[in-house]
Every structure is written in C-alpha cells, then in structure tokens.
Amino acid sequence: MQITPTPLEGVLIFEPRVFHDSRGYFLESFNKKVLKENNLAFDFVQDNQSLSQQNTLRGLHFQAPPYAQAKLVRVARGAVLDVVVDIRKTSPTYGKHFSIVLSDENNLQLLIPEGFAHGFLVIENNTVFVYKCSQYYHKESEGGIFWADKHLAIDWGTDNPIVSEKDQLLPQFDSFESPF
Ligand SMILES: Cc1cn([C@H]2C[C@H](O)[C@@H](COP(=O)(O)OP(=O)(O)O[C@H]3O[C@@H](C)C(=O)[C@@H](O)[C@H]3O)O2)c(=O)[nH]c1=O
C-alpha cells in the first residue's frame, strides 16, 4: 500500500498494490497492520456501501463529536469525484477542500480523519461506493454543508446534480458553526 499525503493535513491517499493475472486482479482493500505501521490509529467499526446513478451528488456530510467519524473511502465499481472540506476551526486550511477521482480503474482510496466534511459526485452510472467508518451511524449527530456553497467554490464539473432533499437543505458555510 503506497500512502501519499495531500495538502490537507491528515488526509491521505492510499494506493493498493494490484496483482494482475490471467483471471483478473487481486488487491488488499484494507489491512489493519498497514495502518498501525504508519501510526494511523483508526479503529473502523462500520462498513457502508451505496449505489448511485451518474450525476448523483452525496454530501457534504460529517458526524459531530462525540460521534465524529474517520472514513476510508473507495469505489468498487464506477467512478466519483471525491471531495473533502477541512472544518477544523484551528486548522491553517480551514474551509479549504481537496478533490480526487476515485475509480475502479485507479483503485485509489482516501483516508479522511475526523474534522472534515465529505461528499462525492458520481461520474459513471451504477457506481458502487464503499467505505469504512470509525464510529457508528448516529442520526442526531449528522451535520453538513451545502454542496454548491460559494465560499467553498468546489468545481464539481456540473451545476445540476441529483441531490437528496436533505442535502439541498444543508446550511451555507457562512451560517455554519463547525463542531470541530
Ligand atoms: C450514513 C448512514 C445512513 N443510514 C440510512 C439513513 C437514511 O435512511 C439512508 C440514506 O442515508 P443518507 O441519505 O444520509 O446517505 P448518504 O447521502 O449516502 O450519506 C453518506 O454520504 C457520504 C457523502 C458520507 O460521507 C457518509 O458518511 C454518509 O453521510 O440510510 C444508515 O442507516 N446508516 C448510515 O451509516
């Protein structure tokens, strides 16, 4: 597993080694020992999976402490533009975002610590998005920021994605009080 830092401290790109042969390929999608060896003390307790049609946008989401979640995200089928926003109030990159294409072609994963809002735009039909979380789902602790917020200025590559009713009502960054 190759681990590469991003401009947002703590957000890491994981690139697994892929073994190709005549049958197809093999890769390790998660290895607890690798996390330990890299001093990444995450204890993942829940795995999630979603299926989305092209042009679906899910996000930007987080869970507030004490139910804050670190996430290890990847795409099992299809492709997404994955976006994280730093919402750690004392961070030098507060309000800044990082985006990366995750796909079944590049097999990249993103490790997202607590203190980030997360979302993704689906680039291919029937995309299967899979992720590990370090805390259980806790509905009352759900929070988010409106995906098209002007301050965040995220280039999603589309102006009219398919967005849930809940996500359309998320607050703008200016009126949002980060719990981190
Ligand atoms: C996230 C989640 C949802 N649910 C339920 C609640 C709801 O009825 C249904 C769909 O939930 P949502 O609309 O919130 O699903 P979704 O918009 O896919 O939410 C996800 O978005 C991405 C961007 C993230 O980062 C995730 O942490 C998560 O917030 O699934 C669970 O039972 N457990 C969970 O862990």
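## A pair of strands to start from

Strand β6 (residues 57-63) runs antiparallel to strand β11 (residues 116-122), and three bridges join them. Across this pair, leucine 57 faces leucine 121 of β11. Strands are DSSP runs of E with at least two residues, helices are runs of H or I with at least four, and both are numbered from the N terminus. Two strands count as paired if DSSP finds at least two bridges between them.

The model is predicted: local features need pLDDT of at least 70 and side-chain atom pairs count only at pLDDT 80 or more, while totals for chains, interfaces and linings use all residues. Residues are numbered from 1 along each chain as its sequence is written.

## The chain as a whole

The chain holds two helices and 13 strands. Its C-alpha trace spans about 55 × 35 × 30 Å along the principal axes. A compact globule of 180 residues would have a radius of gyration near 16 Å, and the value for the chain, 16 Å, agrees with this. The radius is taken over C-alpha atoms, and the globule rule is 2.2 Å times the number of residues to the power 0.38.

Of the 180 residues, 29% count as buried. A residue is buried if 20 or more other C-beta atoms lie within 10 Å of its own, exposed if 12 or fewer do, and partly exposed in between, with C-beta atoms placed from the backbone. Among contacts with a separation of 6 or more, 81% come from residues 24 or more positions apart. A contact means that the C-beta atoms of two residues, placed from the backbone, lie within 7 Å.

Isoleucine 3 stands opposite phenylalanine 14 in β2.

## The sheet of five strands

A second open sheet has five strands, ordered β9-β8-β11-β6-β13, with antiparallel pairing. Here β9 (97-103) and β13 (142-144) are at the edges with a single partner strand each, so one side of each lacks a neighbour in the sheet. Neighbouring strands of this sheet are turned by 30° against each other on average, direction ignored.

Eight of the eight residues of strand β8 (residues 79-86) are buried, so β8 is largely enclosed by the rest of the structure. Ala79, Leu81, Val83 and Val85 point one way from β8, and Val80, Asp82, Val84 and Asp86 point the other way. Seven antiparallel bridges link β8 to β9, and seven link β8 to β11. Aspartate 82 has isoleucine 100 as its bridge partner in β9 and stands opposite phenylalanine 120 in β11.

Isoleucine 100 has 18 C-beta neighbours inside 10 Å and therefore counts as partly exposed. Leaving out residues up to four places away in sequence, isoleucine 100 touches Ile13, Asp82, Leu108 and Leu110. Its C-alpha atom is separated by 5.7 Å from that of leucine 81, 19 residues apart along the chain.

## Around the ligand

The residues around the ligand are Asn48, Ser50, Arg58, Gly59, His61, His118, Gly119, Phe120, Tyr137, Ser164 and Lys166. The elements β5, β6 and β11 each give two or more residues to this shell.

By class, the shell has two nonpolar, seven polar and two charged residues. Ala, Val, Leu, Ile, Met, Phe, Trp, Tyr, Cys and Pro count as nonpolar, Asp, Glu, Lys and Arg as charged, and the others, Gly among them, as polar.

## Backbone exceptions

Most residues other than glycine have a negative phi, and most peptide bonds are trans. The bond from glycine 59 to leucine 60 is cis, with omega near -5°, and leucine 60 lies in β6. The bond from proline 65 to proline 66 is also cis, with omega near 5°; proline 66 lies in the loop between β6 and β7 (71-77).

Asparagine 39 has a positive phi of about 55° and lies in the loop between α1 (32-37) and β5. With 6 C-beta neighbours inside 10 Å, asparagine 39 counts as exposed. Asparagine 107 has a positive phi of about 55° and lies in the loop between β9 and β10 (109-112). With 18 C-beta neighbours inside 10 Å, asparagine 107 counts as partly exposed.

Terms used. Axes fitted to C-alpha atoms, helices over the stretch in contact; angles between N-to-C directions. Near = placed C-beta within 6 Å.
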